[in-house]
Amino acid sequence: MAILLTARDLQHSFGVRPLFKELTFVVEKGDRIGLIGPNGAGKSTLFKILSGRLVPEKGEMSLKKGLKVGFLEQTPQLNLNASVEETLLSGAKDPLSSEAQAAAWEWMSKLALDGQGISGATPIHQLSGGWHKKIALVRELIQEPELLLLDEPTNHLDIESILWLEELIQKSHFAVMVITHDRVFLQNVTNRMMELNVQYPQGVLSVSGDYSTYLELRESQLSQQRAEEVTLKNKLRRETEWLRRGAKARTTKQQARIQRAHELMNEVDELEFRNRRKELSLDFQTAQKQPNRLIEARNISKAYGEKSLFSDFSVFIGPGSRVGLLGRNGCGKSSLIRCLLGTEPVDEGTIVRADQLPAAYFEQKRESLDLQQTVQKTLCPGGDSVIYRGKPIHIRSYLDRFLFSREQIDLPVGKLSGGEQSRLLLARLMLQEAKVLVLDEPTNDLDIETLDVLETCLSEFEGAVILVTHDRYFLDQVANQIIAFPDFQQPRRSLEKFANLSQWEAWHTDHLAALKVPVRKAAPIEAPPKKRKLSYNETRELASMENKIQEVEAQIASLEAELAKPEIQSQPQKLTELYQKLHEAQELHERLFSRWAELEALAN
């Protein structure tokens with residue numbers, strides 16, 4: 001494969017904190033690389049460096065001569081007053097050339113703009129966020145890039161658009177690097193994975209293969225690191241005990257051993273740092289009294305002019321309901337939520353709600369956050385403590401649950417990454433008592449570990465959850481009922497109900513087949529193999545392992561004490577015999593430590 005780009009020892013910092021350092025990798029023709037990592041790891045910064053928009057503090061990049069790099073930013077920068085055609089042509093080398101104009105019209109045809117009531121003359125400001133993303137993507141594609149960088153491309157896209165993008169990437173002739181935490185999307189489009197994370201020795205884990213392959217190798221890598229930490233700690237304990245006995249550093253061998261003990265301390269500290277996991281702590285407050293019926297809609301209908309959003313629709317929502325809403329952008333999902341909560345009237349039918357129905361709302365665009373306000377003032381405008389479950393908690397302790405550093409407390413919200421802003425919004429929602437949680441695209445920008453925690457938290461929430469998301473994996477893990485908006489417009493539009501995502505996928509495939517629209521089914525994500533548990537005999541072996549090691553250590557100490565006696569130095573045969581026994585005891589000690597580390601890894 002031809003190498004398109006080589007990065008060597010890249011380093012860049014945010015303030016005094018390095019985002020990454022000594023980062024080295026190559027990108028080859030045909031690569032479809034998924035770039036993931038915790039929020040704040042520097043993924044978007046790395047893309048800015050690769051696209052030439054930012055100069056790294058250290059390191060260098062070698063690019064293939066004449067390499068054309070396209071870059072779709074997380075939030076595309078568009079001239080809102082320009083037309084669709086003008087925006088697309090702005091990506092061409094010569095916007096006035098007949099070739100550029102032909103390419104723009106070809107892409108407008110591929111996007112089926114006319115079927116959405118959009119033309120080349122439509123101003124950008126009249127389009128939704130999803131269309132902004134697609135128009136910005138095509139603007140990059142018109143450049144005919146050899147390497148395309150995509151930063152959270154699925155944000156604001158509906159499922160139909162995500163499927164379209166997956167197919168586009170799979171059939172692409174250019175290399176792709178994509179930042180996304182949509183696990184199904186990663187599984188479908190990648191042939192290589194890179195995770196930026198300080199957990200790994202070089203700050204990055206690179207895996208050849210799809211997302212499922214990455215999951216398996218990542219677990220293996222982290223398991224090996226944990227086992228290595230156990231082994232080194234046990235070695236360090238032995239060396240520390242030897243030092244405490246006051247051994248004289250008279251020989252070169254003894255001096256080397258003292259040096260090795262100090263090196264072991266540094267290695268153990270490094271492994272402890274890398275193996276340390278800080279996990280987001282989420283626990284939404286539920287109102288104390290939970291009536292059996294929170295919301296019940298009976299034969300409701302809603303239309304805007306000639307456009308029917310839904311008609312003759314009924315649904316019952318009680319504690320434990322996890323309702324997922326699916327449909328194209330603009331189909332009416334937000335309107336249905338407003339009707340259910342009572343902030344917008346229905347045209348027909350009735351809605352019965354529980355008395356005093358508090359709802360906590362996670363808005364898609366995070367518009368309730370003041371970007372000029374500090375993180376602390378966002379949560380507690382009048383002091384330095386928040387009230388959570390009736391008790392005051394200092395802001396530092398509370399923000400620690402959401403993985404914010406002390407340095408970030410006084411930062412303006414606008415300085416936070418998209419994922420960090422989402423975590424801040426979740427932190428504020430947790431301070432509200434609610435019977436209903438409404439989450440509009442909560443997965444945008446959140447890293448995978450945070451999504452795992454959020455999935456579990458929503459599943460355990462005692463109230464009801466109304467969820468709008470196009471993250472298929474997240475939806476499948478959380479929702480126990482799916483309401484889908486059909487893709488076609490009807491005089492009176494009927495919504496469809498499903499028990500799970502599999503039912504919806506089967507219906508969706510048949511539905512599109514009836515409309516003669518090709519559909520591609522998502523490839524499943526295979527979870528990493530479950531870790532083997534200890535057998536009965538292994539459990540007994542582990543229980544006795546420490547005593548065995550202590551016995552061998554006592555034997556080693558006895559032999560070393562014997563060898564230190566002056567009279568032994570004049571007995572060559574005895575000296576040789578003792579050294580042989582010491583060597584055998586030390587080898588046994590190493591084998592026991594290795595076995596102990598292996599059993600500990602299985603037990604944890």
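Tyr 388 and Tyr 398 are both buried, where buried means under 20% relative accessible area, exposed over 50% and partly exposed in between, with a 1.4 Å probe and protein chains only. The model is predicted: local features need pLDDT of at least 70, side-chain atom pairs count only at pLDDT 80 or more, and totals for chains, interfaces and linings use all residues. Residues are numbered from 1 along each chain as its sequence is written, and side-chain values use heavy atoms, with hydrogens and water left out.

Start with the rings. The structure holds 5 aromatic pairs. Rings of Phe, Tyr and Trp (its six-membered ring) pair if their centres lie within 6.5 Å; planes under 30 degrees apart count as stacked, over 60 as edge-to-face and the rest as tilted. One of the pairs joins Phe 47 and Phe 71. Their ring centres are 6.1 Å apart and their planes stand at 80 degrees, so this pair is edge-to-face. Phe 47 belongs to helix H1 (residues 43–50) and Phe 71 to strand S5, so the pair ties together parts 24 residues apart in sequence. Helices (H or I, at least four residues) and strands (E, at least two) are DSSP runs, numbered from the N terminus. Both Phe 47 and Phe 71 are buried.

Now return to the tyrosines. The rings of Tyr 388 and Tyr 398 have centres 6.2 Å apart and planes at 45 degrees, so the pair is tilted. This pair links distant parts of the chain: Tyr 388 is in strand S16 (residues 385–388) and Tyr 398 in helix H11 (residues 395–400), 10 residues apart. Ring pairs also bring in Phe 402, making a cluster of Tyr 388, Tyr 398 and Phe 402.

Charges meet rings too. A charge sits over a ring if NZ of Lys or CZ of Arg is within 6 Å of the ring centre and within 35 degrees of the ring normal. Lys 134 lies over the face of Trp 131, 4.0 Å from the ring centre. Arg 423 has its charged end over the ring of Phe 404, at 5.1 Å from the centre.

Next come the sheets. Two strands pair if DSSP finds at least two bridges between them. An open sheet of 3 strands runs in the order S2-S1-S4, with antiparallel pairing. Its edge strands are S2 (17–28) and S4 (58–63), each pairing on one side only. Strand S1 (residues 3–14) and S4 are joined by 5 bridges. Leu 5 stands opposite Leu 63 in S4.

Another open sheet has 6 strands in the order S5-S6-S7-S3-S8-S9, and its pairing is mixed. Strands S5 (69–72) and S9 (204–208) stand at the edges with a single partner strand each, so one side of each has no neighbour in the sheet. Within this sheet, 5 bridges join strand S6 (residues 147–151) to the parallel strand S7 (residues 175–179). Leu 147 has Ala 175 in S7 as its bridge partner.

Strand S8 (residues 192–196) holds Arg 192. Is Arg 192 buried or exposed? Arg 192 is buried, with a relative accessible area of 11%. Beyond its neighbours within four places in sequence, its contacts (heavy atoms within 4.5 Å) include Phe 25, Asp 31, Ile 33, Ser 206 and Gly 209.

Last, look at helix H9 (residues 333–341). Among its buried residues are Lys 333, Leu 336, Ile 337 and Leu 340. Gly 342 follows H9, with a positive phi near 90 degrees.
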